[in-house]
Every structure is written in C-alpha cells, then in structure tokens.
Amino acid sequence: MKKMKCDCGHMNPEGTILCEACGKPIEGNQHIEGNDEKNLLNMRYDGTARRSQTYNKSIVDKIWSFFSSVKVGVWLIFIALVSSAIGSIFPQEIYIPADAPNRAPEFFYEDRYGILGLIYYQLGFHHLYSSWWYMILIGLIGVSLVIASLDRFVPLFKALRHQKAKRHESFLSRQRLYSKSDNVSTEDLKTLKENLKKQRYKVRDENGYILAEKGRFSRWGPYVNHIGLIIILIAAILRSTPFFYTNEYVWVREGEQLVIPGTDGEYYIENQDFILETYDENDERFRDAISLEGADVPSNYQTDVTIYKAEDNPLPGAEAELNQIAEGSIRMNHPVKFDGYSVYQSGYQANEFEKMSFKIHKNDDPEEEALDTFTINLTDPESDYQLENGFRVELRNYYPDYFLQDDGTPASETNYPRNPAFVMFVYPPDSDTPEISFLGIGKNIDASGENQYNVGITDFEMRDASGLTVRKDYSLPFFGLGAAIFMIGVIQGMYWQHRRIWVNPKDGGLLLAAHTNKNWYGVKKDIEKVISGTTIKNVADQQEIND
C-alpha cells in the first residue's frame, strides 16, 4: 500500500485526508471531503483513508466502491419499498381466500381484479416476497450495508483508537469551536483539567497537550443500526426457506386423516369433529345484527383434532406407523401447537356431501322398484361400478361443484363436493351398449331420450369440512433480535454525543478547540463550565462568524 508522509514525519495510508498523528490536512486530498472549498474541516470519519475513495483499479475495487455508496443503498431500499408496496395491492398467492371460486392464481387474479389482476399475476407480484429477484434485491441491500459499514467503521475505529492529544495548529484553528489565549498560568491549566474531569470527560495529558473526550460509543450507533438491519434481512431471506417458514392451507373433513402439508409426510392430522355455534336470534344484544345478516351468525366454529407423528424410516410403500403427539380444539385465534407448528382455524364448509346412493329402475315402472343400487364416495369416486344384478355403471364425468358455463357446457367451480353432478354410462345386463344419463341435485336428464332405465338418488351423507392454516415460523426470533439491536443503535446515536476538546500549549498561552458530532450548544456549555474561574478565552463558533 502506498504511504503518504506528513510534515510531522508520520506515514499515512494513501487517501488520508487529515494526518493520523497531527491532524494536518494532507495536500492534494482535501477535495475528497470538500475541505478545499471550506474554511472549516469536514471531520466526517476523522479524515481517514477509505478504500472506496482510494482504490478504483480492479473489479473488486469497483464493486466495493459501488456498494459502499450511500446513494446506491438508498436506491436499493427505495426499489424494495416500491416493490413491496405494489405487492400489497392485491393479496399474495398464499392469502387467496379459501372460499374463492377458483384458487389457482392464473385464474383468481383475473377473475377477481380484471385486467389489473392479470398484469399483477403475469409480472409475478402474486408471490413477490418469495420470488428470486426480490430475494436478490434483499441480498444486495445486505451487501451494501456490510460494505458501507466496513468501509467507514474500520478506518474510523482505528483513527479514534490511536488519536493523539497533540494536534497541528491548522487542525485546531479550522475546528468549528476555537479560541486562542495568551499568558495562561499553570494554575489555570490545572483548574481546566479538574473541571474537565468533573464534566465526566476522559482526560489524556501528553506532555502538556490535552485531549478530553466523552461519549465516543455514540459514534458506533449507526453501525449498530446496520447490524440490526443485516440480521433482519438475513431473517427475511431465511423466511423463504421451508425449514424456517411454512404456511400451508388444508381442508380436512370430519373423520378424515391427512398428512399435514409442508411437513414432508412427518405429521398427520385427523378431524375428530367440527362444531359450529351461532348467536341466539332471540338475544336482544344480537337481534339487529342477525336481522341485517339475514342468516345465522356464527359465534364460534372449532375443529377437534388429533395430531400424529410418523415413525422414522418406514419401508418404501408401507404405511407409516403413527404415534399421537397432540390433541385439542382449534378455534379462531386459538391454535393447536406442536413441535414448532401452529394450526389455525381459518374457514369451514358446512354440510358438504360425503357419499351419495343411487338406484337403477325401469322408466316405465310407476313404483320405481330398484333393480340395482350403488353408492359413490364423492371424495374419492371410482370410475367403474360392477353391480350385483348385472348392471355396470361407468362414471364418465364428475363435477364436484357443478355449474353451467356461458357456452352451455358443464364445469366445476371447485374440487369440493358442494353441488355434485355426474355423467353416467349405464350398461344393462348382457349389453355392451350404454345408456347415457346426466344426474345432479334436482337434475335427471336422459341424453338420448330413449333410455329404458333411469338412475335416481336415494340417499346421501353429509359432513363438515374445516379449512386449517398450518404455520411454522422460526424466523421471528431473528426479526426480534434485529429490531432490538436496531433500536439500541438508534438510542445510542440519538441520546449521546461524541464530544472532544483539544488543549494545546503555544508560546505561553494555549489553543482550545472542540468538536462534536451533534449538539454544539451542549459542548459550548461544557466549555463555559470548564474554563470558569480561569483566564482562558471562551471558544467562538466559527461557522456563525463565517456565515
């Protein structure tokens, strides 16, 4: 590294603005902090050599210089804020309402929000906070914070740690607070030092040259802020990984046992019972609200569940052996918790069809006597039913939540059996020619008009379904730690100030100068108390004089 020699004989690193030993401005480097255009010295970073201001040759130097710029950091944060604001206009993909007609994002956003929703989806804002480019942006902000902090903290720390009490006259005379006193007695100097200690200054006397300092730790406040922000950014990146954050939505019907999504098949949940309670319509407190709603208003809906954990390393293809680890009732804002996971009650579907029974009878039979019967499990229907009396029913099409599209073709709004409809091919005994029927709630259509047999609904079973949110978040402690450290840095830099007072003897008198990173009025009051009872002149605010 190239060295620059000061008149005092000290060898300074290349790019130094103020000599590390005596503080004299280094000729040729004053433009770096604008000292060549000012009467007063710019004391930011104490005139130390910063890598970003010194080297710009290799690709590493250029990258370092780019990310150490405060402007670059501000622009990165601005872009992240604007992107985050846009991402909050419409709900993120994981927050698509459970009761939406179609929860697939490629359809939901356009159906719900029109052309703006389509643009929102196509630009990828529907999963903004987990997108690769947003994670890269967050990472770049973290890189900027780290490089900007190191670029400033390391040289400033070294400068303050090794600062000397003896300073060059030009350094003192170009401080904002400065005075020159003649014929100062030894007694006055002794009183000055005692008063500095009374004001809680740490006093260093080097052969009559005095440096009094207090509140240096406040200078590290911004860098403590940066540490807190870096931890928060790391937590945001970790939150995009399944190990640290899981947020899944699952429908579990009464009596059903399912693997919990997002747990790699390790945990299972069983819906023991769903309970729906409504407000009493005769209760005077709720009568008006119930009349406005026009229906029963739920006062509580809960799911009684049992949680199981699968044994480790089950054989391939074999069912896992489950051990019960938790049970409880899930209510709104009262989740069931287990092994770092929380299961919340987020929705419900009352009276959902579970099974539906049918009979086959002759069209011309007024008694509609059943020739054969069969039952369809609407959650997991079979495609073919071979009946006892020789009939065979092929379930050609199944619409769990039937509706008729604008072009007249049937479709299903959701995958849940709320309004089931079927296209059935009925094969009579000893016949390979099917009769086609369309069957649904209140619908029984003979497709050809020539069917000899009719299919009718005889019975059905219903059950309730619970919409549950499964969440795991190990990133919250990191967010809390980062926020706490950030606030410590804010308090550290806001309520304390770094104050320094230099006293250098000169020709029987002395030069007195002071600097602080803020609250100049406070340091002036300190100096007034320090020189009280002496013949030392009070400092003048040279900035006010120059103005």
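This is a predicted model: local features need pLDDT of at least 70, side-chain atom pairs count only at pLDDT 80 or more; totals for chains, interfaces and linings use all residues.

Colleague: Why is the contact between D151 and R50 called a salt bridge?

Modeller: The N to O separation between the side chains of D151 and R50 is 3.2 Å. The cut-off is within 4 Å, so the pair qualifies as a salt bridge.

Colleague: What makes this pair a link between parts of the chain?

Modeller: D151 belongs to helix α5 (residues 132-161), while R50 sits in the loop between β2 (11-13) and α1 (51-54). The pair therefore ties together parts that are 101 residues apart in sequence.

Colleague: How do you know whether D151 and R50 are buried or exposed?

Modeller: D151 has a relative accessible area of 2%, and R50 has 7%. Buried means under 20%, so D151 is buried and R50 is buried.

Colleague: Why does the contact of E256 with R253 count as a salt bridge?

Modeller: The N to O distance is 3.9 Å, and the limit is within 4 Å, so the pair counts. Both E256 and R253 are buried.

Colleague: Why are D384 and R392 called partly exposed?

Modeller: D384 has 30% relative accessibility and R392 has 25%.

Colleague: What joins D46, R219 and R500 into one network?

Modeller: Salt bridges that share partners join these residues.

Colleague: How many salt bridges does the structure hold?

Modeller: The structure holds 22.

Methods: Residues are numbered from 1 along each chain as its sequence is written. Side-chain values use heavy atoms; hydrogens and water are left out. Helices (H or I, at least four residues) and strands (E, at least two) are DSSP runs, numbered from the N terminus. Buried means under 20% relative accessible area, exposed over 50%, partly exposed in between (1.4 Å probe, protein chains only).
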